[in-house]
Amino acid sequence: MLTIHHLGKSQSERILWLCEELGVPYALKHYTRDAVTNLSPPELKALHPLGAAPVITDDNLLLAESGAIIDYILAKYGDGRLVVAPDHPDFSQYLYWLHFANGNFQPNMGRNMILSRLDLPADNAVLVGTRGRLTLVLDLLEARLGEVAYLAGADLTAADIMLVFSLTTMRYFYPLDLAPYPHILAYLGRIGAREAYQRAMQKGDPGMALLLT
């Protein structure tokens with residue numbers, strides 16, 4: 001039985017959403033962040049040495065890292081869905097945006113989050129450079145979503161499931177004004193209208209306001 005070990009307001013929401021889109025049965029185990037540190041509880045650290053979410057168990061398998069988990073679920077349960085085949089014209093775009101999420105966008109959000117807590121002067125070179133890099137990332141996303149409905153093309157894929165967290169729930173940790181990005185906002189509107197996304201977020205973080213605007 002596939003079990004998703006889910007930490008509130010974390011990248012593990014990706015795994016719930018993926019399973020809801022695929023119709024894959026799963027058990028869900030919730031974990032709550034420490035009220036003082038906002039970090040993972042000891043129960044997650046006992047499950048995996050890094051104490052991070054997501055983690056899944058599937059019979060005797062234990063696997064962490066959202067990208068690896070998504071690859072695993074797609075390979076075992078996906079039956080070719082939510083991926084782009086190698087002979088498809090959009091295959092390279094699918095690969096790019098699938099890895100862009102945690103290879104570029106999420107690390108940029110994380111660096112900006114950390115720097116924003118250091119009370120640095122506005123003209124600090126590292127701060128200016130890091131914010132500038134995030135602007136480039138958002139500009140690239142805006143341009144792409146002005147051309148296509150979803151990151152890999154006309155249809156939702158795992159690339160979208162990987163990336164949306166950084167545009168939405170991550171903004172609880174690093175607020176970001178998306179008003180200058182109408183194509184990104186339109187994209188989030190399409191995501192928010194998906195029943196599988198709604199189910200996943202309600203199951204994983206019930207009552208949490210979804211930052212889709």
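User: Where is the place of Asp-79?

Analyst: Keep in mind that this is a predicted model. Asp-79 has a phi near 55°, a positive value in a residue other than glycine. Most residues other than glycine have a negative phi. As for its place, Asp-79 is in the loop between H3 and H4.

User: Okay, and which peptide bond is cis?

Analyst: Let's head for the loop between helix H2 (42-47) and E3, where Pro-54 is found. Most peptide bonds are trans. Here omega is near 10°, and the cis bond is the one from Ala-53 to Pro-54.

User: What is the bridge partner of Val-55 in E4?

Analyst: Strands of a sheet pair through backbone hydrogen bonds, either parallel or antiparallel. Strand E3 (residues 55-58) and E4 run antiparallel, joined by four bridges. In E4, the partner of Val-55 is Ala-64.

User: Where does H4 bend?

Analyst: Helix H4 (residues 91-116) has 26 residues. From first C-alpha to last it reaches 36 Å, close to the 38 Å expected at 1.5 Å a residue. There is still a bend of about 55° in H4, and it sits at Phe-100.

User: How many nonpolar residues are in the contact of H6 with H7?

Analyst: Two packed helices are described by the angle between their axes and the distance between the axes. For helix H6 (residues 158-167) and helix H7 (residues 182-192), that's about 115° and 12 Å, and the crossing is left-handed. Asp-160, Val-164 and Leu-167 in H6 meet Ile-184, Tyr-187, Leu-188 and Ile-191 in H7. By class, this contact has no polar residues, one charged residue, and nonpolar residues numbering six.

Definitions and conventions
Residues are numbered from 1 along each chain as its sequence is written. This is a predicted model: local features need pLDDT of at least 70, side-chain atom pairs count only at pLDDT 80 or more; totals for chains, interfaces and linings use all residues. Side-chain values use heavy atoms; hydrogens and water are left out. Two strands pair if DSSP finds at least two bridges between them. Helices (H or I, at least four residues) and strands (E, at least two) are DSSP runs, numbered from the N terminus. Axes are lines fitted to C-alpha atoms, for helices over the stretch in contact, and angles run from 0 to 180 degrees between N-to-C directions. A crossing is left-handed if the near helix is turned anticlockwise from the far one by less than a right angle, and right-handed if clockwise. Contact means heavy atoms within 4.5 Å. Ala, Val, Leu, Ile, Met, Phe, Trp, Tyr, Cys and Pro count as nonpolar, Asp, Glu, Lys and Arg as charged, and the others, Gly among them, as polar. The expected span of a helix is 1.5 Å times one less than its number of residues. The bend at a residue is the angle between axes fitted to the seven residues ending there and the seven starting there.
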